[in-house]
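Work through the exercises below with the sequence and the structure at hand, and try each task before you read its solution.

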Amino acid sequence: MDVLNEFLKTRGIYSLVMVLFFLGVYGMVLSKNYMKKLMAMNVMQVAVIYFYLCFAQKDGAMIPIQNGLTTNPDAYINPLPHGLMLTAIVVSLGTTGVAIALLMRIKEIYGSVEEKEVLRRASQ
Amino acid sequence: MSQHAPIFIVLLPLTAALLCMLFSRMSRNLGAYLVIASIAASLASAITVLNNVVAAGGKAIHYTMGGWMPPIGIEFVLDPLNSVLLVLITFISLLVSFYGLPFVKDEDWLHVGGYYTLFGLLTVGLCGMIATGDVFNLYVFLEIMSLSGYGLIALGGKKSMLAAFRYLLIGTIGASLYLLGVGYLYAMTGTLNMADLAALIGPHIHSPLFAMAVGCLIIGFGIKMALFPLHGWQPDAYTFSHPGAAAFIAGCMSKAPAYAMIRFVYYIFQVNNPVMRSALDIIGILGVGGMLIGSFMALAMRDFRRMLAYSSVAQIGYIAMGVAMGNMYGFIGAVLHMINHAIMKSGLFLVIGGIVYRFGVVHLYRLGGMNKKLTISTITLVLCALSMIGLPPTAGFFSKWYLMMGAWTSQNYFYMVVLVISSLLNAIYFFRIIEQMFVQREASLPDVHPHEGKLGLPVPMAIPLAVIGLTVLFLGWYSADIINGIIKLGLPEVFLR
């Protein structure tokens, strides 16, 4: 039991994040609908964001605001990973936007976003 | 002025690209001219930077932004290796932006503005990726490059939507893996600055996290640079992309990730540790696979563009192989091949753009009589093809020579055999095209855009073609100067000890 507890305490959250990441990849490979592929892609990107937020987490630390009590860096949470992930969220928003625009054009041209149907019409 | 040149390389095209739509709204071609002028200024800044770096004996220029000193702030670091690549990218970008003008001349302001906005942003992304000294900043520029690249590929017509969408899905996996790798590195060392990372990574190289980070980074860059077996997106993307921009996409978009891989492998992680040595072996095997499979697939293709796309897979394999040798000659060969391949592949896609513009089809077996209709294109094509095969005195010979020397030095005779086989296959499929053009009887193709006269193409298209053709010869002629004067100044520390 101790081993399991230790594992869950130190690596549990990272395992879950990895499961989420590969669920995303799995969905992108196996779903037959382009919209679903896109959603799986978003799941994958969210997993990366979680990963950063998890390793930035610290027990008993506070938000990085100067409160006059302490200047010890251990008392604060590192804000940089959160800042980085704001950028990554913006990037994933941009990617999703471009992808949806492309999907709309695909729907216009082929009349469907099902992979089978699109490939059938594309090969004609 | 000259101390601010590093930032101008990125800042000018970025500003121009963002203003492009506004200017296009006012007057249809104004935005396009603005972007072209900004790219020309960016080329001038890149040449200034290269000059300064070489004059300083290869000492890197550090340009910090906003008064934040590294390792906290973001900086641009320009050493001989990346400043020569910046000159290359901006040079090709300038030629191709000029070349794109006839393709958009019948469109309305929205299309012209959109095309040149995306083109400017693609240049920004590539230059930023190469110039930056910060690993997260590299991710941001990687995404700028990818998103504008998806847009330019999607502009190519009906079939290109599907190619762009697939590339978007696969490319996002690559970028996410890169971000994961950066996450591991940050968790280990607590820094994002490349120079700082190189100094702090030392104690961690035996931890499994480091192996994980290296794996993530190599797969991520492998997807972006179309390293075999991660090249699935690439033939469609190159084939269906906008014919005016295809030369830039095919020539440069795989080079920036390849450069980033070299930067990580040789300058940050160093190659003298067990994890990196096995990583290099894997890169080498993938490179060899790409060289063989790419060349064989290129033989089987009937579409000229698709053939070149598969030949790109093979050429990226050469670069990966040079990286994997882990000695000085291999490194020089890889860098030189990056430069040469960018020029050659751009030249070939410029030729194809001309054929598409004039006739609308690029079937491999309908090229007969092209030597009479498109004389300049034919000369460029022959020069580029000879260079791809690796005949002296064209550029391709010298990079292959250095790759051979690298394989000989590391006593990896298998690499030498593969190099020769792949070169022979190159010769087969390029001589097939030359035979089609010169020997076959004239193909009866209706003109889409009829053009009389000696050039066979509008002037903005003929000039870049001629310049690229001359550059292939020039690079071959001055390759010794490029190697001794520039690349050898910026060798990674591993080779200097």
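The model is predicted, so local features need pLDDT of at least 70 and side-chain atom pairs count only at pLDDT 80 or more, while totals for chains, interfaces and linings use all residues. Residues are numbered from 1 along each chain as its sequence is written, and chains are lettered from A and ligands numbered from 1 in the order in which they are written.

**Exercise 1.** Compare the span of helix α12 of chain B with the expected one, and find what its buried residues pack against.

*Solution.* Helices are DSSP runs of H or I with at least four residues, numbered from the N terminus. Helix α12(B), residues 274-300, has 27 residues. The expected span is 1.5 Å times one less than the number of residues, and the 39 Å from first C-alpha to last is close to the expected 39 Å. A residue is buried if 20 or more other C-beta atoms, placed from the backbone, lie within 10 Å of its own; in α12(B), these include Met276(B), Ile283(B) and Ala298(B). The buried residues pack against α8, α11, α13 and α18 of chain B.

**Exercise 2.** Describe the side of chain A that touches chain B.

*Solution.* Two residues are in contact if their C-beta atoms, placed from the backbone, lie within 7 Å. The contact takes 26 residues from chain A and 22 residues from chain B. On the side of chain A, the elements giving two or more residues are α2, α3, α4 and α5, and α4(A) gives the most, with 13 residues.

Terms used: Buried ≥ 20, exposed ≤ 12 C-beta atoms within 10 Å, placed from the backbone.
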